[in-house]
Each structure stands twice: as C-alpha cells, then as structure tokens.
Amino acid sequence: IQHAGLSEPIKDVFGMFLSGLRFLPYLAFLLLVISLARPQKAFSEEKIKTEGIDIVLSLDVSSSMLARDLKPDRLAAAKKVAKDFIDNRSNDRMGMVVFAGESFTQCPITTDHKILKKQIDEVKNGVIEDGTAIGMGLGTAVNRLKESEAKSKVIILMTDGVNNSGYIDPVTAIDLAINEDIRVYTIGLGTIGEAPYPARDMFGRTVLRNMEVEIDEALLEEIADKTGGVYYRATDNSSLNKIYKEIDLLEKSKIELSSFERKTELFRPWALGSLGILICSFVLNQLFIRENF
C-alpha cells in the first residue's frame with residue numbers, strides 16, 4: 001500500500017492505527033489468561049418451608065365486657081391485643097368466634113389477616129343475646145378447627161364472667177377439644193374486686209357504677225389444664241399484653257430454611273474474545289503491515 005498520496009494528518013492517524021495493531025496479541029493473551037482462571041457467577045437461593053399453626057380466638061362480648069377496669073374498656077382492649085397478636089403470626093391461619101348468651105363465628109380460619117382484623121374491628125356488644133356461654137364459645141371454636149389438617153391447633157378463649165348460658169356444657173366442650181387434640185389457652189379478664197361499669201341513671205344519663213368482678217377461674221383452669229394449655233388472669237392492659245406475648249412465644253410456627261448455591265461458568269466469552277482478537281490481528285497484519293512501512 002502506498003502512502004505518498006495521503007495528507008500528513010491522515011498518515012498520522014493511520015500510523016497510530018497500525019501501531020495499535022501490534023498490541024492485539026497481548027490483549028488476546030490477557031483474555032486467554034482470564035478465561036483459564038475460570039471466572040464464575042455465583043447465584044444463592046433460599047427455600048423457606050413453614051409449618052404454621054391454626055388458631056381460633058374465642059372472645060366474650062357480653063355486656064360486662066364494657067367494664068372500664070381496662071382502658072378504654074375490656075372489649076376494646078381485648079380487640080387491640082388480638083390484632084397485635086395477629087400481626088406477629090404471619091405464617092398461621094387464624095379465625096375468630098364471639099360469644100355471649102350464644103356464640104357464632106365472626107371469621108373462619110384464614111390466611112388473610114387483613115380481613116380478619118377488619119372483622120375484629122366490627123365486633124361489638126349487643127349483637128347477640130346477653131349472657132356468658134363459655135361452653136358454646138369453646139365448642140364453636142372447636143368446630144372451626146375440626147377439619148383443620150394443621151399439626152398444631154390452638155384456641156385462645158377470653159372471658160370476664162361465669163358460665164350461665166348456652167346449651168353446650170363446658171365439660172362437654174372440653175372433651176371435644178381433647179378429642180380434636182386442640183390446646184386451649186384461657187384468659188380471665190378483669191381486675192380483682194370491683195370494676196367501674198357503665199349504667200343508666202333515672203335521667204337516662206350514662207354513669208359508672210362499681211360492680212363485683214366474677215370470673216369462674218376454676219373452670220378456666222380446668223379447660224387449660226385438660227387440653228394442655230395455660231390459664232392466665234389479666235387485670236389491666238399491661239398484663240393482657242404480656243399474656244399474648246407469652247402465648248406468642250409458646251406457640252411458635254416451625255420454619256425450615258434451606259439454602260443452596262448455583263454457579264455459572266463465564267470463561268467462554270473471554271476465550272471466544274481472545275480467539276476473535278487473534279484472528280483479527282492476523283488478518284489486519286496481512287492487509288496493512290509491511291516490513292518497511
């Protein structure tokens with residue numbers, strides 16, 4: 001190739017190009033070394049297997065739950081701690097039963113905790129006949145767990161009174177829970193002695209009157225003992241919070257975590273790059289480089 005007809009700037013650029021070609025073999029060698037080092041890309045993955053617990057909350061909604069020894073009252077305090085408890089049980093299916101003179105299912109067991117908490121917000125006193133049907137509250141909760149295939153089934157029953165209503169005897173309900181292998185944690189809700197209770201005076205005004213707190217602790221202890229649970233007494237908001245935290249610790253879901261790593265070989269692009277540069281170097285040398293250029 002003759003360069004006599006080229007201008008000086010073009011000759012300079014062309015000369016720099018030809019000089020750069022001399023470094024192509026070194027670049028090819030560098031890529032080959034990288035390829036022989038076998039670069040790899042690691043990909044880690046974790047597989048989580050959870051074994052949740054099916055839990056039903058059975059809540060007394062009788063008129064005595066409006067007593068204000070807990071703030072703002074027993075029912076509101078019970079609803080709040082129940083929702084906090086649900087937030088900590090992301091791997092569990094949960095549901096709710098309410099009872100007074102009779103009982104019904106407020107929410108079937110579900111993994112949709114948002115729906116469950118919404119249903120708890122809607123719980124209020126006065127929707128069913130007044131009274132305290134502990135046997136029915138327990139029996140209905142057992143029925144909710146009857147078809148459950150979970151290895152661990154739990155009921156948390158909360159009441160502030162004495163069984164005085166319902167057609168299911170508490171002893172019968174205990175037997176049903178034992179037959180279904182259900183653990184029952186019971187909570188007696190109310191201060192020791194008397195508690196302020198809202199009532200109407202002769203002028204229709206709401207006033208607070210102290211009423212004696214009556215909780216059938218012997219029955220609640222029997223329910224818990226015979227089913228493998230624990231009985232607690234909550235006399236204020238703080239003790240109620242502690243009880244739910246303790247139950248949360250006692251009933252932990254089983255979580256199995258397995259991790260593995262996969263590696264992807266990355267040497268091929270480097271080896272192909274080295275080969276490509278060598279071929280280009282050879283071709284360009286044959287075309288442009290002469291001994292006396």
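What volume does the largest pocket have? I looked this up before anything else. The model is predicted, and I read every value below with that in mind.

**Entry: the pocket**

I find about 340 Å³ for the largest pocket. Its lining holds 18 residues, and those closest to its centre are Ser64, Asp160, Met211, Glu212 and Glu214. By residue class, I noted six nonpolar, seven polar and five charged residues in the lining of the largest pocket.

**Entry: the cavity**

The structure has one cavity of 30 Å³ or more. I wrote down a volume of about 50 Å³ for the largest cavity. Which residues line the largest cavity? I listed Leu57, Ser58, Leu59, Ala78, Ala82, Met96, Ile156, Met158 and Tyr244. Eight of the lining residues are nonpolar, one is polar and none is charged.

I sorted this lining by element. Strand 2 (54-60), helix 3 (74-87) and strand 5 (153-159) each provide at least two residues. Strand 2 gives the most, with three residues.

I read an open sheet of six strands, in the order 4-3-2-5-6-9, with mixed pairing. Strand 4 (103-110) and strand 9 (231-234) are the edge strands, each pairing on one side only. From one strand to the next, the twist averages 15 degrees.

I checked one pairing in detail. Strand 2 and strand 3 (residues 93-99) run parallel and are joined by seven bridges. Here Leu59 stands opposite Val98 of strand 3. Leu59 is also one of the residues lining the largest cavity.

Which helices did I follow over the sheet? Helix 3 lies across strand 2, strand 3, strand 5 and strand 6 (182-189). Helix 3 runs at about 170 degrees to strand 2. Helix 7 (residues 217-227) also packs on the sheet, where it touches strand 5, strand 6 and strand 9. I get about 160 degrees between the directions of helix 7 and strand 6.

**Entry: the loop between strand 2 and helix 3**

I looked at Ser62, which lies in the loop between strand 2 and helix 3. Is Ser62 buried or exposed? Its relative accessible area is 2%, under the 20% cut-off, so I count Ser62 as buried. I also listed its contacts, leaving aside neighbours within four places in sequence. Ser62 touches Phe99, Ala100, Asn125, Asp130, Gly131, Thr132 and Asp160.

The peptide bond from Lys71 to Pro72 is cis, with omega near -5 degrees. I flagged this bond because most peptide bonds are trans.

**Entry: a positive phi**

My last stop was Asp181, in the loop between helix 6 (170-179) and strand 6. Phi of Asp181 is near 55 degrees, a positive value in a residue other than glycine. I marked this one because most residues other than glycine have a negative phi. Asp181 has 60% relative accessibility, over the 50% cut-off, so I count Asp181 as exposed.

Key:
Residues numbered from 1 in each chain as written. Predicted model: local features only at pLDDT ≥ 70, side-chain atom pairs only at ≥ 80, totals over all residues. Heavy atoms only, no water. 1 Å grid on protein atoms, 1.4 Å probe; cavity = no way out; pocket = protein on both sides within 12 Å on 5 of 7 lines; lining within 4 Å. Points joined across faces, edges and corners; volume = space filled by probe spheres on them. Helix = DSSP H or I, 4+ residues; strand = E, 2+ residues; numbered from the N terminus. Nonpolar A, V, L, I, M, F, W, Y, C, P; charged D, E, K, R; others polar. Pairing = 2+ DSSP bridges. Axes fitted to C-alpha atoms, helices over the stretch in contact; angles between N-to-C directions. Contact = heavy atoms within 4.5 Å. Buried < 20%, exposed > 50% of the residue type's maximum accessible area, 1.4 Å probe, protein only.
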